[in-house]
Amino acid sequence: MVDVRRVKLPGVGVLHTFYTSDGGKVGVIAHRSGHSDLITFADDGDGPDVTKVSLRLSEDEAHTLAELLGGTQITESLTALDQIPGLSIDWFTVDYEDHIAGQPLGSPAERGIAGLTVVAVVRGDSTNPAPAPDFKVFPGDTLVVAGSPEKVAKAFNFFRTGAAKAKVAVDGPPGI
């Protein structure tokens, strides 16, 4: 199974990267505007003669390439879920210093985050869909969550700090 890393690029979109079996690094930047960039990376030790590629694809071209490479309807369906207004699907990778590390997952509603679902916990090459509240979370695990953007932010704050309330800046009327 290929290990795909996902990094949000604020104001741009999302970068997905993975290493090929021969040591190459491939990335796709999915821009918010709909187009994608297919890129390859060179390691520092590869030297100056390494060919790097960056290719901009329209949305239709990206779909065509995915079909040619064996893309599935499931992947497309999950991508479409990311387009539903008010729904955010995001990944949280647990670090050693995070509050949730070494703790049972618990129920988001019991932790003051009603309306959020932990869809799965990814650990190494295995996925644990719909984990039970007693599922113990460890550093390196990736939690896949779904909910409103506000609930996701609140959950991530809890996972990091243990605080159930995220500190969100609110602009009040002038003079307050």
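Reply: What follows goes through the salt bridges pair by pair and then turns to the strands and the helix around them.

This is a predicted model, in which local features need a pLDDT of at least 70 and side-chain atom pairs count only at pLDDT 80 or more, whereas totals for chains, interfaces and linings use all residues. Residues are numbered from 1 along each chain as its sequence is written, and side-chain values rest on heavy atoms, with hydrogens and water left out.

The structure holds 4 salt bridges, a salt bridge being a side-chain nitrogen of Lys or Arg within 4 Å of a carboxyl oxygen of Asp or Glu. One of them joins arginine 6 to aspartate 90, with the closest N and O atoms 3.2 Å apart. Because arginine 6 belongs to strand 1 (residues 5-9) and aspartate 90 to strand 6, this pair ties together parts that are 84 residues apart in sequence; strands here are DSSP runs of E with at least two residues, and helices are runs of H or I with at least four, both numbered from the N terminus.

Aspartate 90 is buried at 8%, whereas arginine 6, at 23%, counts as partly exposed.

Aspartate 90 also meets lysine 8 in a salt bridge, at 2.7 Å from N to O. Here again distant parts of the chain are linked, since lysine 8 lies in strand 1 and aspartate 90 in strand 6, 82 residues apart. Lysine 8 is partly exposed, with a relative accessible area of 46%.

Another salt bridge pairs aspartate 37 with arginine 56, whose closest N and O atoms are 2.8 Å apart. Aspartate 37 lies in strand 4 (residues 36-41) and arginine 56 in strand 5 (residues 54-57), so this pair ties together parts 19 residues apart in sequence. Aspartate 37 is buried, at 8% relative accessible area, while arginine 56 counts as exposed at 52%. Salt bridges that share partners, in turn, join Arg6, Lys8 and Asp90 into one network.

Turning to the strands, 5 of them form an open sheet in the order 1-2-3-4-5, with antiparallel pairing, where two strands pair if DSSP finds at least two bridges between them. Strand 1 and strand 5 are the edge strands, each pairing on one side only, and the twist averages 20° from one strand to the next; the axes are lines fitted to C-alpha atoms, for helices over the stretch in contact, and the angles run from 0 to 180 degrees between N-to-C directions. Strand 4 and strand 5 pair in the antiparallel sense over 4 bridges, and isoleucine 39 stands opposite serine 54 in strand 5.

In helix 3 (residues 149-161), the buried residues include Val152, Ala155 and Phe156.

Terms used
The expected span of a helix is 1.5 Å times one less than its number of residues. Buried means under 20% relative accessible area, exposed over 50%, partly exposed in between (1.4 Å probe, protein chains only).
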